[in-house]
Amino acid sequence: MSGTADPKLTDLPLRPELKGEEPYGAPQLDVPVLLNVNENPYPPSAAVIADIGRAITDAAASMNRYPERDAMALRDDLARYLGHGLTTANVWAANGSNEVMTHVLGAFGGPGRSALTFAPSYSMYPEYARNTHTEWLTVPRRPDFSLDVDLALRSIAEIRPDVVLVASPNNPTGTRAELDQLEALCDAAPGVVVIDEAYAEFARPGTRSALELLPKYPRLAVSRTMSKAFAFAGGRLGYLAAAPAFVDALRIVRLPYHLSAVTQAVARVALAHAPEMLRQVDVLRGERDELERWLQTTGLDAAESDANFILFGRFADRHQVWQQLLDRGVLIRETGPQGWLRVSVGTPAENAAFRDALTEVLPTAERAGDE
Ligand SMILES: *Cc1c(COP(=O)(O)O)cnc(C)c1O
């Protein structure tokens, strides 16, 4: 005998709440134009690639040892990148903000506790809640996807959630919240508040970061990622800024040595090249604004985006539109409320390919009627 026994998943004693669940993930298909997961379309330069290679070689020389457990040097670099008077003790880092958020719910959520967000929002949040046994609650945004602050405040007073989670700019809508709105939520929330600023660098000039609120609110955290603007999705590095005690809480629930020596070294190289890594952000912002205007000229609705993607619609059969674009070599994302689709902003050539494909598809695409 060799190999393993071959039970079906249903034969295994899986936790009941995981029965029937599918692993999360957008389709990873091999097509020419990939505009589905909000990546930065520009790969690193030859100089950055060479520096990353050198850093990996250095890290390899001591690969017999566990990595620096608290990633102090990397957190120091991240604090400096964020500015706002933040220091190493204010910053936490993990393998993508997915893991950071799991640490937050591990420390502040859990059995008998709840997390609240404003829908539609990031489709991973309910999974972090499920995995940490945290009750997951949502209240709706307004029809234009902005925060309904009155409803939010009433819901917070009623539910008294242990965690309030707000993405700004929000995914999949691209819409941002204003600082005074976030401040109102911080004033009302009885537990911790996390503002997910995964797309902060793409926001319109003049947009204020929730980092400004950190001196005033001891239970506030602001989460960021190197996956989007930083063109570092493959490096897996997310981080968060908060009071030192908040960071200490996350350190309790992290796995020991969660950030590999290679991840720490490579992220530090990327941060050392921050101006270059971020150079294309202005180009992408300009492309986003142009794409938004173009979508509106087609008669479609496009949500006002401060991120590197646009939610547009509404279609009677969005899956059909998604498939017809894919048939033309353009992969976008079927996500968000019924009838809407999300397209990431790519290079000018990729965006042109998307516009061409959609122009072909639109005449036969039935629009959703008013509900
Ligand atoms: C992409 C994204 C993240 C980042 O995820 P990583 O794990 O850092 O790659 C976090 N929050 C939102 C809302 C996102 O869209």
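**Exercise 1. Is K228 buried or exposed, and what is its relative accessible area?**

Before the solution, some ground rules are needed. The model is predicted, and for this reason local features need pLDDT of at least 70 and side-chain atom pairs count only at pLDDT 80 or more, while totals for chains, interfaces and linings use all residues. Residues are numbered from 1 along each chain as its sequence is written, and side-chain values use heavy atoms, with hydrogens and water left out.

*Solution.* Step one is the scale: a residue is buried under 20% relative accessible area, exposed over 50%, and partly exposed in between, using a 1.4 Å probe and protein chains only. Step two is the value: K228 has a relative accessible area of 13%, so K228 is buried. Step three is the location: K228 lies in the loop between strand 7 and strand 8, where helices (H or I, at least four residues) and strands (E, at least two) are DSSP runs numbered from the N terminus. Step four is the surroundings, for which contact means heavy atoms within 4.5 Å. Leaving aside neighbours within four places in sequence, K228 is in contact with V37, N38, N40, A198, Y199 and F202. Finally, the unreviewed UniProt entry carries the annotation "modified residue: N6-(pyridoxal phosphate)lysine" at K228; UniProt positions are given in the numbering used here, feature names are shortened, and annotations may be inferred rather than shown by experiment.

**Exercise 2. Describe how strand 8 is placed, and name its partners.**

*Solution.* Begin with burial: five of the five residues of strand 8 (residues 238–242) are buried, so strand 8 is largely enclosed by the rest of the structure. Next, consider directions. In a regular strand the side chains alternate between the two faces of the sheet. In strand 8, G238, L240 and A242 point one way, Y239 and A241 point the other way, and all are buried. Then look for pairing, which requires that DSSP finds at least two bridges between two strands. Strand 2 (residues 91–94) is joined to strand 8 by four bridges and runs antiparallel to it, with A93 standing opposite Y239. Strand 7 (residues 220–225) also pairs with strand 8 in the antiparallel sense, over five bridges, and here A221 has A242 as its bridge partner.

**Exercise 3. Compare the span of helix 8 with the expected value, and say what covers its buried residues.**

*Solution.* The expected span is 1.5 Å times one less than the number of residues. Helix 8 (residues 261–272) has 12 residues and reaches 17 Å from its first C-alpha to its last, which is close to the expected 16 Å. Its buried residues are T263, Q264, V266, A267, V269, A270 and L271. The cover over these buried residues includes helix 1 (46–60), helix 2 (72–82) and helix 9 (274–277).

**Exercise 4. Classify the ring pairs F108 with F246 and F145 with W340.**

*Solution.* Rings of Phe, Tyr and Trp (its six-membered ring) pair if their centres lie within 6.5 Å; planes under 30 degrees apart count as stacked, over 60 as edge-to-face, and the rest as tilted. By this rule there are 10 aromatic pairs. The rings of F108 and F246 have centres 4.7 Å apart and planes at 45°, so this pair is tilted. The pair links distant parts of the chain, since F108 is in helix 3 (residues 96–108) and F246 in helix 7 (residues 244–253), 138 residues apart. F108 is buried at 17% relative accessibility, and F246 is buried at 5%.

For F145 and W340, the centres are 5.2 Å apart and the planes at 70°, so the pair is edge-to-face. These two are 195 residues apart, with F145 in the loop between strand 4 (135–140) and helix 5 (149–159), and W340 in the loop between strand 11 (330–331) and strand 12 (341–344). Both count as buried, F145 with 7% and W340 with 10% relative accessibility.

**Exercise 5. What is the strand order of the open sheet of three strands, and where does R342 lie?**

*Solution.* The order is 9-10-12, with antiparallel pairing. Strand 9 (301–302) and strand 12 are the edge strands, each pairing on one side only. Strand 10 (residues 309–313) is joined to strand 12 by four bridges, and L311 stands opposite R342 in strand 12. A charge sits over a ring if NZ of Lys or CZ of Arg is within 6 Å of the ring centre and within 35 degrees of the ring normal. R342 lies over the face of F309, at 5.4 Å from the ring centre.
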